[in-house]
Amino acid sequence: MGPVPPELLLRAPRYGAAVDLWSVGCVMVELVRRQPLWPGATEAGQLKQIAATLGAPALHAWPDSQPLLAAAGLGGLAEQHSPPLRELCPQRG
């Protein structure tokens, strides 16, 4: 499974250009790292990996996220803060 935006994984009823930016960003990181960013075998698995890396969606930023996460069986994800980008994509020497 490739870099699928959370909006599509959660089957959000509306989404915009952000899904394209998400995909481009993920592909760029995968090119730099030379490995898959979130190699989830299932939609729920990929959502869990995304939340573990970037933090769970903040209610104020994406108010529809909690019902969508619950529908995906991930309603127990607590709001988390993401680690610094420097840790996710260290410089290659």
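Predicted model: local features only at pLDDT ≥ 70, side-chain atom pairs only at ≥ 80, totals over all residues.

Reply: Just after α2, Arg 34 adopts a positive phi of about 60°.

Along the sequence, the pattern reads α-α-α-α-α.

The structure holds one aromatic pair. Its members are Trp 22 and Trp 38, which are stacked, with 5.5 Å from centre to centre and 10° between the planes. Trp 22 is in helix α2, while Trp 38 is in the loop between α2 and α3 (43-54), so that the pair links distant parts of the chain, 16 residues apart. The two partners can also be described by their accessibility. Trp 38 has a relative accessibility of 7% and counts as buried, because buried means under 20% relative accessible area. Trp 22, at 21%, is partly exposed, because that class lies between the limits of 20% and 50%.

A further feature to consider is a nonpolar patch on the surface, formed by Val 24, Val 27, Met 28 and Leu 31. Together these residues have about 380 Å² of accessible area. One of them, Val 27, lies in helix α2 and is partly exposed, with a relative accessible area of 38%. An α-helix has 3.6 residues a turn, so residues three or four places apart point the same way.

For the chain as a whole, the accessible surface comes to about 6200 Å², and carbon and sulfur atoms account for 59% of that surface. Buried residues make up 26% of the 93 residues. Of the contacts between residues at least 6 apart in sequence, 56% join residues at least 24 apart.

Beyond the loop that holds Trp 38 comes helix α3 (43-54), in which Leu 54 is found. Leu 54 counts as partly exposed, at 32% relative accessibility. Leu 54 and Pro 84 are 30 residues apart in sequence, and their C-alpha atoms are 9.2 Å apart in space.

Technical notes: Residues numbered from 1 in each chain as written. Heavy atoms only, no water. Helix = DSSP H or I, 4+ residues; strand = E, 2+ residues; numbered from the N terminus. Phe/Tyr/Trp six-rings, centres within 6.5 Å; stacked < 30°, edge-to-face > 60°. Buried < 20%, exposed > 50% of the residue type's maximum accessible area, 1.4 Å probe, protein only. Contact = heavy atoms within 4.5 Å. Areas by Shrake-Rupley, 256 points an atom, 1.4 Å probe, with all protein chains shown as cover. Patch = residues over 30% accessible without salt bridge, like charges linked within 9 Å, V, L, I, M, F, W, Y side chains within 5 Å. Salt bridge = Lys/Arg side-chain N within 4 Å of Asp/Glu carboxyl O.
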